[in-house]
Amino acid sequence: MRSDPTLKRHFSQINKRFFDGQLPDSTCVRWLDPDEDDPRLEDKLFGFADHCNDGCHKYQIVLSKSMCKYASTRFTTLIHEMIHVFLELRDDHGPAFERVRQMLSDRGIFKKGAVIRRLTIF
């Protein structure tokens, strides 16, 4: 399993700048393969984070190309899934998730141009 180079670069930049580099660099960040598992997932989920059992990666973040066509959606989804990885997949949108989201907001992640020049993601 291989990361998409562009998605991985964005992951690494966001990790360094907003998560203080605390997410595992071994996280695979890729696009959903339409033939993977259930192809209907492509039209239901923007993305997901999960454990990865390929021997190289601890976690994987998978984004849907059809649901993440726009840069703002792509980055919002990536950041959302990065929060799940930060929490080691232990909190499903509960209080811990909200604390991390607020921490990122306080660090300015949602300000225009914070992630990509001239892009507002929230």
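Modeller: Let's start at Thr 27, which sits in the loop joining α1 and β1. Bear in mind that this is a predicted model. Thr 27 has a relative accessibility of 0%, so it counts as buried, the cut-off for that being under 20%. Setting aside neighbours within four places in sequence, Thr 27 is in contact with Ser 3, Lys 8, Phe 11, His 57, Tyr 59, Gln 60, Ile 61 and Val 85.

Some of those names come back elsewhere. Take Ile 61: along with Ile 14 and Phe 19, it touches the most other members of the largest nonpolar core, a set of 30 residues. At least two residues of this core come from each of α1, β1 (28-31), β3 (59-63), α2 (71-86) and α3 (95-106). The top contributor is α2, which gives six residues. As a general point, nonpolar side chains in soluble globular proteins tend to be buried together.

Now look at Ile 14. Not counting residues up to four places away in sequence, Ile 14 touches Phe 19, Phe 75, Leu 78, Ile 79, Met 82, Ile 109 and Val 115. Ile 14 also belongs to the contact between α1 and α2, where α1 brings in Leu 7, His 10, Phe 11, Ile 14 and Asn 15, and α2 answers with Arg 74, Phe 75, Leu 78, Ile 79 and Met 82. The axes of α1 and α2 cross at roughly 60° and come within 11 Å, which makes the two helices oblique to each other. Their crossing is right-handed.

Follow α2 to its other partner, α3. Here the angle is about 125°, with the axes 10 Å apart, so this pair is oblique as well. α2 passes α3 in a right-handed crossing. On the α2 side the contact uses Ile 79, His 80, Ile 83, His 84 and Phe 86, and on the α3 side Phe 97, Val 100, Arg 101 and Leu 104.

How values were computed
Residues numbered from 1 in each chain as written. Predicted model: local features only at pLDDT ≥ 70, side-chain atom pairs only at ≥ 80, totals over all residues. Heavy atoms only, no water. Core = buried A, V, L, I, M, F, W, Y, C linked by side-chain atoms within 4.5 Å. Buried < 20%, exposed > 50% of the residue type's maximum accessible area, 1.4 Å probe, protein only. Helix = DSSP H or I, 4+ residues; strand = E, 2+ residues; numbered from the N terminus. Contact = heavy atoms within 4.5 Å. Axes fitted to C-alpha atoms, helices over the stretch in contact; angles between N-to-C directions. Parallel < 35°, antiparallel > 145°, perpendicular 65-115°, else oblique. Left-handed = near helix turned anticlockwise from the far one by under 90°.
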